[in-house]
Structures are given as structure tokens and as C-alpha cells.
Amino acid sequence: MAKAGAGRKGRRGRVDRDRVLNAALQLADSSGVDSLTMARIGRRLGVEAMSLYRHVRNKEDVLDGIVDRVFAEIEPPSASAGWKQAMRDRALSVRAVLARHPWAIGLLESRLTPGPANLGHRDAVLAVLFDAGFSSATATHIYNTLDSYIYGFALQEASLPFSTADELAEVGELLLAQVPAEQYPHLARVGRELLAAGFDYAAEFEWGLDLLLDALERRFQPT
């Protein structure tokens with residue numbers, strides 16, 4: 001019995017903030033952010049929920065921590081290729097990270113106590129825009145416009161009933177069969193033509209991103 005107790009104590013002794021946040025991130029990824037409770041995190045770690053409060057203050061502290069981990073996964077922008085390419089590369093990275101952590105889409109801009117990765121990422125984005133000669137106001141316009149597009153696309157993509165081009169083709173056939181061509185001729189036409197062309201919804205992101213970046217480049221000239 002003494003040895004068993006010592007083993008449980010040792011297991012508890014290995015719990016730290018890093019492990020708590022790892023467990024919370026895994027739960028959010030597998031079950032959604034609404035699944036996060038101290039009890040569930042504790043069970044995942046094999047400890048009592050109350051013991052977690054030695055490492056995190058509350059659920060908001062946990063959310064701050066896992067959001068910061070999401071920011072840490074985003075590739076930081078580099079000014080070496082120019083601001084436009086840097087913003088494009090960064091947008092692609094954000095989208096890829098949000099595809100791995102869709103629960104985070106609505107939380108990235110919500111934290112009142114942002115962590116170092118969160119702050120560091122934002123500072124790096126602004127550094128690229130400032131290095132290009134944009135003012136604070138213009139840099140903010142560009143940053144906000146791009147993030148609105150990235151988050152909006154990621155949110156819509158996460159809600160779709162398919163995740164690959166092949167799945168889209170299957171779902172598209174099912175949906176098209178429910179659209180009477182005589183009543184909705186334009187929808188039927190688009191559906192038929194896109195399915196015939198092998199339409200890939202995922203490719204829409206870069207099409208829209210390039211359009212947006214071109215427009216921003218024309219609208220805002222660095223001074």
C-alpha cells in the first residue's frame with residue numbers, strides 16, 4: 001500500500017502548468033472548448049481537479065494559456081520577402097493552425113490577459129508593416145482587414161459538411177439533387193458546372209487572399 005501511495009503521489013508531483021495546458025489543449029482539440037472543465041482536465045492527468053489550482057488560477061487562465069499555444073504555432077512573418085509576401089505567408093500559417101484547432105477561431109481576439117506568444121506574434125506582424133513604411137493607422141487597417149478575412153474563412157470552412165474535394169463532390173451531388181433546376185436555375189447551373197470542373201473549396205482561400213492583398217497594395221502605398 002505504501003508503494004502504491006507513493007506512486008500516486010509521484011504522479012501528482014509531475015503535474016505542472018505545462019502539463020495542465022497540454023491536457024487542456026488536447027481536450028479542446030478532441031471535444032471542443034466547451035468540454036474544458038477542471039474536472040475533465042484533472043481526470044486526463046490522473047489527479048484531483050482541486051490540485052490543478054496550484055498551477056492555473058481558473059478556467060480563464062487555462063484559456064489564456066492554450067490560446068497562447070495556438071499563437072506559438074503560427075509561423076512568424078518575415079520582412080525579408082516584403083510586406084505583401086510576409087502577410088500572405090502569415091495568413092496561410094494562421095489558416096493551417098486554425099484547421100488544427102478550430103475551437104480557437106472565436107478566441108484569438110478575446111483574451112484580456114494575452115500571453116507572450118500572443119503578444120510576440122502581434123508585435124512581429126506590426127514590425128513587418130512598420131518596416132514597409134506604413135503608419136500605425138494603416139498598419140492597423142491592413143492587419144484587421146486580413147484577420148477578418150482569415151477568421152471568417154476559417155469559421156465557414158470549419159462548419160462545412162465536407163473537408164476534402166472528394167467529399168465535396170459527394171455532398172454536392174446530394175445537394176444538387178434537391179435543387180429543382182426549373183425553380184432555381186442559377187443554383188443548379190453553378191452546382192453542375194462546379195462539380196464538372198472538380199471544384200475545390202479549399203482553393204478559394206488563396207484566391208480571395210491574393211485579391212485582398214492586391215487591393216490593399218493598391219489602396220495603401222507606404223510613405
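**Pockets, core and helix packing in the predicted model**

Eighteen residues, given as 18 in the computed lining, surround the largest pocket, and those nearest its centre are Leu168, Gly172, Leu175, Gly191 and Leu194. A pocket is here an open set of points on a 1 Å grid over the protein atoms alone where a 1.4 Å probe fits, with protein on both sides within 12 Å along at least five of seven lines, and lining residues have an atom within 4 Å of a point. The model is predicted, so that local features need pLDDT of at least 70 and side-chain atom pairs count only at pLDDT 80 or more, while totals for chains, interfaces and linings use all residues. Residues are numbered from 1 along each chain as its sequence is written, and side-chain values use heavy atoms, with hydrogens and water left out.

The space in the largest pocket amounts to about 450 Å³, a volume being the space filled by probe spheres set on grid points that are joined across faces, edges and corners. Helices α8 and α9 (185–197) each contribute at least two lining residues; helices are DSSP runs (H or I, at least four residues) numbered from the N terminus. The largest share of this lining, seven residues, belongs to α8. By class, 15 lining residues of the largest pocket are nonpolar, three are polar and none is charged, where Ala, Val, Leu, Ile, Met, Phe, Trp, Tyr, Cys and Pro count as nonpolar, Asp, Glu, Lys and Arg as charged, and the others, Gly among them, as polar.

The second largest pocket has a volume of about 220 Å³. Its lining comprises 16 residues, with Arg95, Glu157, Ala158, Phe162 and Ser163 closest to the centre. Two or more residues of this lining come from each of α5 and α7. In the second largest pocket the lining includes three charged residues, alongside eleven nonpolar and two polar ones.

The largest nonpolar core contains 57 residues, among which Leu36, Ile41, Ile66, Trp83, Met87 and Trp103 touch the most other members. Such a core is a set of buried Ala, Val, Leu, Ile, Met, Phe, Trp, Tyr and Cys residues joined through side-chain atoms within 4.5 Å, with buried meaning under 20% relative accessible area, exposed over 50% and partly exposed in between (1.4 Å probe, protein chains only). Helix α7 (136–159) is one of the elements that supply at least two core residues, and the largest share, eight residues, comes from α7. Trp103 touches Leu25, Ala28, Asp29, Val33, Ile66, Val67 and Val70, residues up to four places away in sequence not being counted; contact means heavy atoms within 4.5 Å.

In helix α2, the buried residues are Val20, Leu21, Ala23, Ala24, Leu25, Leu27 and Ala28, and they pack against α3 and α4. The end C-alpha atoms of α2 are 21 Å apart, in agreement with the 21 Å that its 15 residues should span at 1.5 Å a residue, the expected span being 1.5 Å times one less than the number of residues. Gly32, with a positive phi near 95°, follows α2.

Ala86, in helix α5, is buried, with a relative accessible area of 3%. Beyond its neighbours within four places in sequence, Ala86 contacts Pro77, Ser78 and Val128.
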